[in-house]
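Visitor: I would like to learn how to read the features of a structure one at a time, with the general idea first and the particular case after it. Could we go through it together?

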Amino acid sequence: MTRLFSLLAFAIFISLGSESLAQVPLPSTSSGSDTAEMATTVPEDITTDEINSMVARMSDDEVRSLLLYQLDAVAAKNETVTPTLSTSERVAKLWTAFTTPTVDAVKKLPVVGPKIGEAFSNFSASYGGGGAVMTMLGLIALVIAIALGVEFAVRAWLARSSSVTAQDSTETGLREAVVFLLKRFMREIFGLVVFYVVIRTLGRTVLSPQQLAFAGPFVLNLIWLPRLTGACSRFILAPHRSDLRLVNVNDQWAKFLHRNIIGLFFLAGFTLFFTGFSNSNGVPTSETRIGFWLDSLVYVYIIFIALTAREGLIDLMRGTDPDRTVADETFAKFYPYFAVGVAVATWVLVSTLIGLQQISALVHGAHYLTMFLLLMAPVIDTAIRGLVRHVVPPMRGEGPAAEGAYLSTKRSLVRIGRVIAAGIIIVMIANAWDFSVGALMREGVGIADNVFGFLMTAVVGYVAYEGVSLWINSRLAAEFTALGMSEEEADAEMGGASGSRLSTVLPLMLLTARIAIIVVFGLLAIGNLGIDITPLLAGAGVIGLAIGFGAQKLVSDIVSGVFFLVDDAFRTGEYVEIDGTMGAVEKISIRSMQLRHHRGAVHTIPYGEIPKLTNYSRDWVIMKLKFTVPFDTNPNQIKKIFKKIGQEMLEDPLFKDDFLQPFKSQGVFDIDDVGMVIRGKFMAKPGKQFMIRKEIFNKIKAAFAEAGIDFARREVRVALSDTDNHEDLSEQQQAAIMGAAAATASQQEEAPAAAPKGPD
């Protein structure tokens, strides 16, 4: 076993590398394991047999010492000392890198002209002189002309065969405008594809590989890219068709932006082409810094467009959605300055990277793509808001509840669209700078992966959060349509119409789902950062246990509320009574409910304190009305009047749908010392009985007046003897009689109420 361990250790040592083995001192067999005194050196031409013989003479301790010594030597050899820079040193280094290209470009301004002439001379010489160059340019122009001719012929044929053309399209609706613009855009794109195929085919046939090396970048950057930009700009801005324009900008600024956007991309393409031309013809851009000046001119052009078309850009960013928020309005006004900031920041970044000599990504235009995507991000946001405006169904129902649900649905869709757009833009920018998100996901190591995992989890959680909110709010938009009191019902004594069971439960479901999503995805996101969430879960369990013991009343309230909701004991909008407290259910939460009294007071009652709940708004309501008439009134006449009023109410379009049973007479209910008490009743939907009662009161008053029926009034009669001459009563006698009558009436008012006379 000892010898086996020695062989294994030495085999590991040999695997470290035969080159380093030749310089490693071996321990002398006579000196034990003292590694510090090793003097024997392995010859470079040592054989396998000699190695085996050497191992056979070594002890296990000697092999172990030798292995540790070799590992230390390799580590010391491979160790690279990276100096740690202070913050001030880093700032100074970045400042030097930023200013160096500008200073160098200024210094080399005098040689720009001669060097450019040298590049053209080298170009002419490489192609065999001026005549050969002119021949090549003529061939390139011929190929381009043929390709353009084929393209325009194909586009003309497509335009004739299309059902919608610029002349016969008179519709101004969104759908018709999008269809026309999309067809025109697809024709242009198809034409560009035809142009590319034709020019590539003819170019390979007519031009040599050396000529193609010049013609390819020339056509791509100076012809194809600006034309592609023009097609996209015409689709969005429609500079000559204001009736089909998809964005909120007038004709003046639409034409200005269209022209200058094409010019901007032409300038960017020229920058890429000319820097490549200069490098390939013996004049590196480092000698002239012409690329620096052309690149800077691109940013100056962007600043010029942003500041000149400031008004048009603000209108474009504002959009046409009337439900835009204050943040949308604020950013619309800030967008031109945002564009200026992006241009300046990109220029600073490019200058710094050039100073650090990290230009590999700049050669392929990564900075241009990044700047374009950042400038387009607010435009995409405006497009998302405009699209959502037309995609979301119209608001269902009326009132603040329906309007709030409609706006919430729109904003949820807008936020989801923003997250998706932001994710796509970030991935495109990362790929432009050779930062592969896919590779990062496959490798799954490092801080970058942790941050990426955190961001992706947060994004998924946010989309789930908005998705749940969107679904529940869309359901509430329908459920809340009939919820709440109208202005007429605000004076009702016992609330208004009740909401459905879903309208009561859905708000609690929304709150619970949001909390669950935040907690779950929050913990997952923290875990993706490499933080152990086990202590957090344990702490949450301890806190939950403490709450369970220390807040038993809270737990009781929550559990009681769950069972009340399961039993469907009440719904929002219903009028209930709880232990003498009455009011309409205005709001429910996990722990308590709020009752709005008909006089405005709000009562908050925990579920655990509800001994009994009486619901006055469930299914149907019977309303009984009492009228006192004189004793000599004919009850049958009143019965006919009530029946007639009931029929009229059933035919009234304002009330006919609210009746479950018509208003009718119940005959003489009671006889008191004033007159006969006549009672009528009707059955109606909960919350509608009060408006019906008001109308019935008005109709009965008018009908009694028309029929000559008076309402009985409390009065005191004074009986005088027949011998008294009523007309000869003195003022004192009349005053005495009136005083006695008033005293009697006062006593009757203060007398205790009589015993109940039957059920109401």
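Visitor: In what order do the five strands of the open sheet stand?

Guide: Before the case itself, please keep in mind that this is a predicted model. A sheet is read strand by strand, and here five strands form an open sheet in the order β6-β5-β4-β3-β7, with antiparallel pairing. The strands at the edges are β6 (602-606) and β7 (613-615), each of which pairs on one side only. Ignoring direction, neighbouring strands of this sheet are turned against each other by 40 degrees on average.

Visitor: How many bridges join strand β3 to strand β4?

Guide: Four bridges join β3 (residues 575-578) to β4 (residues 581-588), and these two strands run antiparallel. To follow the pairing at the level of residues, take isoleucine 578, whose bridge partner in β4 is threonine 581.

Visitor: Which strands form the open sheet of three, and in what order?

Guide: That sheet has the order β8-β10-β9, and its pairing is antiparallel. Because β8 (621-629) and β9 (659-671) stand at the edges with a single partner strand each, one side of each is left without a neighbour in the sheet. The twist from one strand to the next averages 20 degrees. Nine bridges connect β8 with β10 (residues 676-684), the two running antiparallel, and within this pairing valine 621 has alanine 684 of β10 as its bridge partner.

Visitor: Turning to charged side chains, how many salt bridges does the structure hold?

Guide: The general idea is that side chains of opposite charge can pair when their charged atoms come close. The structure holds 17 salt bridges. One of them joins arginine 289 to aspartate 104, with the closest N and O atoms 2.7 Å apart. This pair links distant parts of the chain, since arginine 289 is in the loop between α11 (285-288) and α12 (290-308) while aspartate 104 is in helix α5 (residues 87-107), 185 residues apart.

Visitor: Are arginine 289 and aspartate 104 buried or exposed?

Guide: Both arginine 289 and aspartate 104 are buried.

Visitor: Where do arginine 318 and aspartate 315 lie?

Guide: Both residues lie in helix α13 (residues 310-318), three residues apart, which is about one turn of the helix. With the cut-off for burial at under 20% relative accessible area, arginine 318 counts as buried because its relative accessibility is 16%, whereas aspartate 315, at 22%, counts as partly exposed.

Visitor: Why does the salt bridge between arginine 418 and aspartate 381 tie together parts that are 37 residues apart in sequence?

Guide: The side chains of arginine 418 and aspartate 381 meet at 2.3 Å, N to O. Arginine 418 lies in helix α17 (residues 400-432) and aspartate 381 in helix α16 (residues 366-391), so the pair ties together parts 37 residues apart in sequence. Arginine 418 counts as partly exposed at 32% relative accessibility, while aspartate 381, at 18%, counts as buried. Both belong to a network of salt bridges that links Asp328, Asp381, Arg385 and Arg418.

Visitor: Which residues form the nonpolar patch on the surface?

Guide: The patch is made of Leu511, Ile515, Val519, Ile558, Val559, Val562, Phe563, Val566 and Ile590, which together have about 730 Å² of accessible area. Helices α20 (501-528) and α22 (552-566) each supply at least two of its residues, and the largest share, five residues, comes from α22. Leucine 511, for instance, lies in helix α20 and is partly exposed because its relative accessible area is 40%.

Visitor: Finally, how many helices and strands are there in the protein?

Guide: There are 25 helices and 10 strands. Of the 760 residues, 35% are buried, and the protein exposes about 43,400 Å², of which carbon and sulfur atoms supply 62%.

How values were computed: Residues numbered from 1 in each chain as written. Predicted model: local features only at pLDDT ≥ 70, side-chain atom pairs only at ≥ 80, totals over all residues. Heavy atoms only, no water. Pairing = 2+ DSSP bridges. Axes fitted to C-alpha atoms, helices over the stretch in contact; angles between N-to-C directions. Patch = residues over 30% accessible without salt bridge, like charges linked within 9 Å, V, L, I, M, F, W, Y side chains within 5 Å. Areas by Shrake-Rupley, 256 points an atom, 1.4 Å probe, with all protein chains shown as cover. Salt bridge = Lys/Arg side-chain N within 4 Å of Asp/Glu carboxyl O. Buried < 20%, exposed > 50% of the residue type's maximum accessible area, 1.4 Å probe, protein only.
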